[in-house]
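Have a look at the sequence and the structure first.

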Amino acid sequence: MAKKIVNLLILLPLGIILIIFCVANRQAVTLALNPFRPEDQVLSLSAPLFVLLFVALILGMIVGAAVTWFAQGKHRKRARNQSREAVRWQAEADKHRTRAEEIAGQLPSK
């Protein structure tokens, strides 16, 4: 229920603003990738402004996700190692428990 309220109060107005922005910025702009000769047509791209902004946003999200994933690699490795160690200790504890039950079964009853 709270998630639906958040969607309605935040994401809906944000979506409306984004649609208005896209409609208002339909004119083509030229993105020059050559800083020394901006008039060079080989390294330039003409597209509507909102398309360039969406591409920049998507690329930023992909790069940010990749950086986060690589930065958290050491934590994932440590978690895998600790998981393996926990399974090993659990197996050893089960082995000792089984052996203790066998010994307890062999003791004479009073």
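## Overall layout

Please keep in mind that this is a predicted model. Its secondary structure consists of three helices and two strands, and reading from the N terminus the order is α-β-β-α-α. The radius of gyration is 30 Å, whereas the globule rule gives 13 Å for 110 residues, so the protein is more spread out than a compact globule.

The box around the C-alpha atoms tells you about the outline: along the principal axes, it spans roughly 100 × 45 × 15 Å.

## Burial, contacts and surface

How much of the protein is buried? Of the 110 residues, 6% count as buried. Among contacts with a separation of 6 or more, 22% join residues 24 or more positions apart.

## A nonpolar patch and Ile16

One surface feature to find in the viewer is a nonpolar patch with about 1,200 Å² of accessible area together. Its members are Met1, Ile5, Val6, Leu8, Leu9, Ile10, Leu11, Leu12, Leu14, Ile16 and Ile20.

Ile16, one of the patch residues, sits in helix α1, which covers residues 2-24. Is Ile16 buried, partly exposed or exposed? With a relative accessible area of 45%, Ile16 is partly exposed, because that value falls between the 20% limit for buried and the 50% limit for exposed.

Note on methods
Residues numbered from 1 in each chain as written. Predicted model: local features only at pLDDT ≥ 70, side-chain atom pairs only at ≥ 80, totals over all residues. Heavy atoms only, no water. Patch = residues over 30% accessible without salt bridge, like charges linked within 9 Å, V, L, I, M, F, W, Y side chains within 5 Å. Areas by Shrake-Rupley, 256 points an atom, 1.4 Å probe, with all protein chains shown as cover. Salt bridge = Lys/Arg side-chain N within 4 Å of Asp/Glu carboxyl O. Helix = DSSP H or I, 4+ residues; strand = E, 2+ residues; numbered from the N terminus. Buried < 20%, exposed > 50% of the residue type's maximum accessible area, 1.4 Å probe, protein only. Rg over C-alpha atoms; globule rule 2.2 N^0.38 Å. Contact = heavy atoms within 4.5 Å.
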